[in-house]
Amino acid sequence: MTERETPLIDIQHLEKSFVHRGQQLTVLKDLNVRIYPGDMMAIMGSSGAGKSTLLQVMGTLDAPTEGKMYFGGEDIFLRSAAGLARFRNQQIGFVFQFHHLLPEFTALENVMMPGLIGRMSRRRAEERAQELLESVGLKARVHHQPGELSGGEQQRVAIARALFKKPRLLLADEPTGNLDLKTGAGIHAILRDLNEKTGVTVIVVTHDPRLAETMPIRVLVDQGQLIPQKPGDERLAGRLPEDVMNRRPQDPGHQRLVDALREEGPKLETKDGGEDRASSGAGIS
Ligand SMILES: Nc1ncnc2c1ncn2[C@@H]1O[C@H](COP(=O)(O)OP(=O)(O)OP(=O)(O)O)[C@@H](O)[C@H]1O
Ligand SMILES: [Mg+2]
């Protein structure tokens, strides 16, 4: 990253509020962040903190209440709804907690789908889908339907599909939320590998500090803002405003998580009911 490089995403004074039963609920307030091409960032924060809300704005699925988002220097929400849809379709790949694969199609057909919808020839779409499935380690599963794949394999198909159009940005909202720790770690490893090999910018929301640990850049959604997970984390210089760089998380949910890790060490229950030991709980402050 150089000083002069244009951020892929530059969010300035973002506020996002919802009106619910006549009451205004402000979820994000004066949030500022710059994300540079090729960044790989994990976003954490307690339930309800606003992580998905932020990803929706970054993905242009939902407009800010106040503030600006520049994408590659362009004030992106000035576009029409149709212009935004086109932009999203070309530049952004989404992966969600629930993979949303089409059950009656094979892995290969699911990954090809964005190409077929975009009127790409079947042969070219198939070649690209095959290549992507190989890159996520699923060469031997291309003709399986989602119901014939494990949870981790399904999520890898979803990642391959999200990358079909060579997006500049991959947004993943708890892609490992339904997976055990080991499988989740495999998904994170694939995301890191794709980021390194293709340069795609990756932003991933996770609840699990041990998975966040494997990401080069880590931030928390806390009190409506993005703050460093570790105060003063210099990897965030140029990405977060100076006045928040040394802020400590106030989020009680996050603090509980940190305390639990300190007390129990890295031993935590995984979602499949088993127990797992992370190699290290270090680095969580
Ligand atoms: N469309 C909406 N209308 C009203 N309130 C909303 C809406 N979307 C989200 N909220 C509220 O905004 C807050 C943040 O929600 P969000 O889904 O961003 O949280 P989150 O950090 O992703 O939580 P989780 O970890 O549970 O997924 C929540 O209190 C939620 O109830
Ligand atoms: Mg969420």
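**Note on a predicted model**

1. P37 is found in the loop between β2 and β3 (40-44). Helices (H or I, at least four residues) and strands (E, at least two) are DSSP runs, numbered from the N terminus. The model is predicted: local features need pLDDT of at least 70, side-chain atom pairs count only at pLDDT 80 or more, and totals for chains, interfaces and linings use all residues. Residues are numbered from 1 along each chain as its sequence is written, while chains are lettered from A and ligands numbered from 1 in the order in which they are written.

2. P37 counts as partly exposed because it has 16 C-beta neighbours inside 10 Å. A residue is buried with 20 or more other C-beta atoms within 10 Å of its own, exposed with 12 or fewer, and partly exposed in between, the C-beta atoms being placed from the backbone. Leaving aside residues up to four places away in sequence, P37 touches L8, G199 and T201; contact requires C-beta atoms, placed from the backbone, within 7 Å. The C-alpha atoms of P37 and P7 are separated by 6.5 Å, although the two residues are 30 residues apart along the chain.

3. For the chain as a whole, the secondary structure amounts to 9 helices and 12 strands. Of its 285 residues, 39% count as buried. Among contacts between residues at least 6 apart in sequence, 68% join residues at least 24 apart.

4. The strands β2-β1-β4-β5, in that order, form an open sheet with antiparallel pairing; two strands pair if DSSP finds at least two bridges between them. Because β2 and β5 (74-75) stand at the edges, each with a single partner strand, one side of each has no neighbour in the sheet. Strand β4 (residues 66-71) and β5 run antiparallel and are joined by 2 bridges. Y70 stands opposite D75 in β5.

5. Helix α4 (residues 122-135) has 14 residues, which at 1.5 Å a residue should span 20 Å; its end C-alpha atoms are 20 Å apart, so the two values agree. The expected span is 1.5 Å times one less than the number of residues. Within α4, A125, R128, A129, L132 and L133 are buried. They cover an arc of only 135 degrees around the axis, which puts them on the same side of α4; the arc is that of the directions from the helix axis to the C-beta atoms. R123 and R124, on the other side, are exposed. The cover over the buried residues includes α3 (107-117) and α5 (151-162). Just after α4, G137 takes a positive phi of about 75 degrees.

6. H13, in strand β1, has a positive phi of about 50 degrees although it is not a glycine. H13 counts as exposed because it has 12 C-beta neighbours inside 10 Å. Q223, in the loop between β9 (217-222) and β10 (225-228), is also not a glycine, and its phi is positive, near 50 degrees. With 17 C-beta neighbours inside 10 Å, Q223 counts as partly exposed.

Key
Contact = placed C-beta atoms within 7 Å.
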